[in-house]
Amino acid sequence: MVRWGRRSRASCPSSSCVLPRWPRCGLSGYRSSEGLAMAVTAKARGRGGAGGIAGALRRLRGYVLRPARPVLPLYVPERSGLAMIGRRGGLLLGVMFLAMVYGLLVAILPAQLLIPAAAPLAVLALLVIWALPEAKRVPTDLLIRSYLLFMILDILWPNYLSVAVGGLPWISFRRLFGVTTSLLLLICYSMSRDFRKDISDIFRASPLLARFMLAFLAIQAIASIASTSPASTIGRFINISITITPFFFATLWILGKEQRPLVWWLRTFMLCAFVLLTIGVFEFRAEHILWADHIPSFLKVNDDRIAKVFIPQYRDHYRVVTVFSTPLSWGEFIALAAPFALHFLANARSLKAILLCLALDVLFMVSGYFSGARLSIVGIIVAHAAYLLLWALRRWRTERGGLVGVATTMLYPALAVVLALMIMFVPAVHNRVLGGGSAQMSNDGRTEQLKLGIPAIAKRPLFGYGPGEGAGAVGWRSADGFLSIDSGFLSTAADYGVLGFIAYFGAILLMAYQLAMVGLRAAVPRYPIHLALAVSFVVLLSTKSVLSQIDNEQVVYMLLGLGFALLYRSKIETSVPSQSRGAAQGMVSAGAYN
C-alpha cells in the first residue's frame with residue numbers, strides 16, 4: 001500500500017516539480033488533495049493574500065492585452081482580449097439600457113399600451129421555446145396537473161378577484177395559470193415529436209371539423225391585426241390565447257390519448273358544477289354575493305364594472321350570480337352542464353343512483369330559475385327535449401324487441417307540439433321562454449341591434465372589426481349608456497366577420513352532428529357520453545342566439561376539445577378487432593353509475 005505524504009523539499013526542488021500545473025510553486029511534494037489545500041491556505045495566510053491578488057491581476061492583464069491569434073483560413077479568427085471585453089460590455093450595457101427603457105415605459109404608459117411594449121419579449125420567449133432541442137421526456141405530468149388546477153380555478157374562482165397593482169393590468173389567477181399551461185403546452189409541442197404526432201393524429205380523425213376549428217383560430221389572429229383598433233384587439237387576442245385556447249388543446253390531448261380517463265374529467269367538471277349550484281342556493285337566500293363583504297384588500301379591484309357586479313339584480317325575485325359577472329352567464333353555464341346530469345340519470349342502474357341523479361337534475365332546473373335568465377330556462381328545456389329524442393333513438397336501436405324506445409320516438413312529435421303550445425299560450429311559460437312584461441325590453445333591444453348590426457357587418461364582411469370591437473361598430477347603447485350586443489351570432493360576425501362566423505358555428509354544428517351519429521351507433525352498453533355532449537352543443541347554439549358574453553368560453557373550448565377526443569377514440573376503437581373492444585368501452589360510455 002502506497003503511503004501518500006509530503007516529500008522532502010531537498011529531494012524535490014521547485015525546478016524539477018513532478019506536478020507540471022504548479023511550476024516553481026514549492027508545493028510539488030503534496031500528492032493528496034487535502035495536503036495541497038492545506039498548503040495553499042498556509043501560503044495565502046502567510047502572505048496576507050497579496051500573492052493571490054497579484055496573480056489575479058496578472059491574469060486579468062494578460063487576458064485584456066492578449067492579441068488576436070492567427071489561425072488557418074478554415075477557422076474563425078480569435079478576437080483579442082480588448083475586442084472580447086468590448087463586445088461583452090456592450091451587450092451588458094445594452095441589456096441595462098433596455099431594462100431602463102422598459103421600466104420607464106411601465107411607469108409612464110397606460111395599461112392598454114403595456115402589452116404592445118412587451119411584445120418583443122414575448123416573441124423572444126417564443127423563439128427560445130421553438131429552439132429547444134428534442135427530448136425523450138417532456139413535462140406532460142406537470143401539464144396535466146396545471147390543466148386540472150386551471151380547470152378548477154376557471155370554474156370556481158371569480159375572475160374579478162384579482163391582484164391589483166397600481167398602474168399594471170389585473171393579475172388574475174385565470175391569467176396566471178393560463179400562462180403556465182400555455183408555456184407547458186408549447187414546451188411539450190416543441191420538444192416532443194410524439195406529442196406533435198398525438199395532436200396531429202387526433203385532428204386527422206376528424207379532418208373537416210379540424211379545418212373549421214383551426215380556421216377560426218387563425219381568423220382570430222388575422223382579425224386582431226387587421227382590426228380598426230389593433231392596440232386594443234391584439235391585447236384581447238393575447239388574453240384569449242393564454243386563458244381560453246389552451247383549454248382546447250390540453251383537453252383533446254389529455255383525453256384523446258387517454259392520459260386521464262374520461263370519468264376523471266367528467267366527475268371533476270360535475271363536482272365543480274355542484275359546488276356552484278350549492279353556492280347559488282345560499283346566495284338566493286341571502287340575496288347578495290356571499291363573499292361581497294369579506295374580500296381582502298389585495299384582491300379588490302377599483303373599477304366601475306367590477307362594482308356593478310356586486311349590485312343585487314332583481315326580476316320578480318333576486319337573480320343569482322355565483323362566481324360569474326352576470327346572471328346571464330351563470331344561467332348559460334347551468335344550461336351547458338345540464339345534459340351531463342341527464343347522462344348520469346340515463347346510465348344509473350340502482351334505485352338510489354336514479355333518485356340522486358333526479359335530485360341533481362331538479363337542482364339544475366331550480367338553479368336556472370334562480371338565475372332569472374330566460375336563456376337558462378330555454379336551454380334546460382332544449383337539453384331535456386334533445387336528450388329525450390337521442391335517448392329514444394338509442395334505445396330503439398339497441399333494444400330491438402323493446403317497446404319503450406319505439407313508443408317514445410313515435411310520440412316525440414306529439415310531445416313537441418304540446419310543448420310548443422304551452423310556450424305559446426300559457427302566460428307563465430310564455431313569459432319565461434319568449435319574454436313579455438319586464439323582459440320585453442330585452443326583446444326590443446335585440447331587434448334594434450340586428451337592424452344596426454347588418455349594415456355594420458357589410459362594411460367589413462371578411463374579418464370584422466376585431467375581438468371586442470363589434471359593439472362599438474354596431475353602436476347600440478343600453479338605457480344606462482353602455483355599448484352592448486346581446487346576440488352571440490351578431491357579436492361573432494361583427495368581431496370576426498362572416499368567415500369567422502362560419503368557421504366557429506360551423507365547427508359547433510358539425511361537432512354536434514358527428515357526436516350524435518357516433519353516439520347512436522356506438523357498440524357499447526347503455527348510453528355513451530357522446531349524446532350528452534352533442535346536446536350540450538345544441539344548447540350552446542340556443543344560448544348564443546341571445547347572449548354574447550364570453551364568461552363561459554373556456555368551458556366551450558373544453559367541450560370542443562372533449563368532442564375531438566371522443567371522435568378520435570371512437571375511430572380507434574372501430575378499427576380494432578371486436579374481441580379487444582371490451583377494455584375500451586369504459587372510455588366511450590364513461591361507465592354505468594351505481
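Among contacts in the protein chain between residues at least 6 apart in sequence, what percentage join residues at least 24 apart? In this predicted model, the share is 74%. The protein chain contains 24 helices and zero strands. Of its 594 residues, 42% are buried.

The packing of helix H11 was examined against two partners. Two packed helices are described by the angle between their axes and the distance between the axes. For H11 (residues 245–256) and H23 (residues 553–574), the angle is about 30° and the axes lie 7 Å apart. Because angles under 35 degrees count as roughly parallel, H11 is roughly parallel to H23. The crossing of H11 past H23 is right-handed. On the H11 side, the contact is formed by Thr245, Phe247, Phe248, Thr251, Leu252, Leu255 and Gly256. These residues meet a set in H23 that comprises Gln554, Tyr557, Met558, Leu560, Gly561, Leu562, Phe564, Ala565, Tyr568 and Arg569. By residue class, the contact of H11 with H23 consists of 11 nonpolar, five polar and one charged.

The residues of the H11 contact with H12 comprise five nonpolar, one polar and no charged.

Aromatic pairing was then considered across the whole structure, where a search finds 28 aromatic pairs. One of these joins Phe216 and Tyr496, whose ring centres are 5.4 Å apart and whose planes stand at 80°, so the pair is edge-to-face. This pair links distant parts of the chain, with Phe216 in helix H9 (residues 207–225) and Tyr496 in helix H21 (residues 488–521), 280 residues apart. Phe216 is buried, its relative accessible area being 3%, and Tyr496 likewise counts as buried at 8% relative accessibility. An edge-to-face pair is also formed by Phe248 and Phe249, with 5.0 Å from centre to centre and 75° between the planes.

With a relative accessibility of 61%, Ile225 counts as exposed. The C-alpha atom of Ile225 is separated by 7.7 Å from that of Gly466, although the two residues are 241 residues apart along the chain.

Backbone geometry was considered at two loop positions. Most residues other than glycine have a negative phi. Glu258, in the loop between H11 and H12, has a positive phi near 55°. Its relative accessibility is 40%, so Glu258 counts as partly exposed. A positive phi, near 60°, is also found at Glu287, which lies in the loop between H12 and helix H13 (304–309). Glu287 counts as partly exposed at 38% relative accessibility.

How values were computed. Residues numbered from 1 in each chain as written. Predicted model: local features only at pLDDT ≥ 70, side-chain atom pairs only at ≥ 80, totals over all residues. Heavy atoms only, no water. Axes fitted to C-alpha atoms, helices over the stretch in contact; angles between N-to-C directions. Helix = DSSP H or I, 4+ residues; strand = E, 2+ residues; numbered from the N terminus. Parallel < 35°, antiparallel > 145°, perpendicular 65-115°, else oblique. Left-handed = near helix turned anticlockwise from the far one by under 90°. Contact = heavy atoms within 4.5 Å. Nonpolar A, V, L, I, M, F, W, Y, C, P; charged D, E, K, R; others polar. Phe/Tyr/Trp six-rings, centres within 6.5 Å; stacked < 30°, edge-to-face > 60°. Buried < 20%, exposed > 50% of the residue type's maximum accessible area, 1.4 Å probe, protein only.
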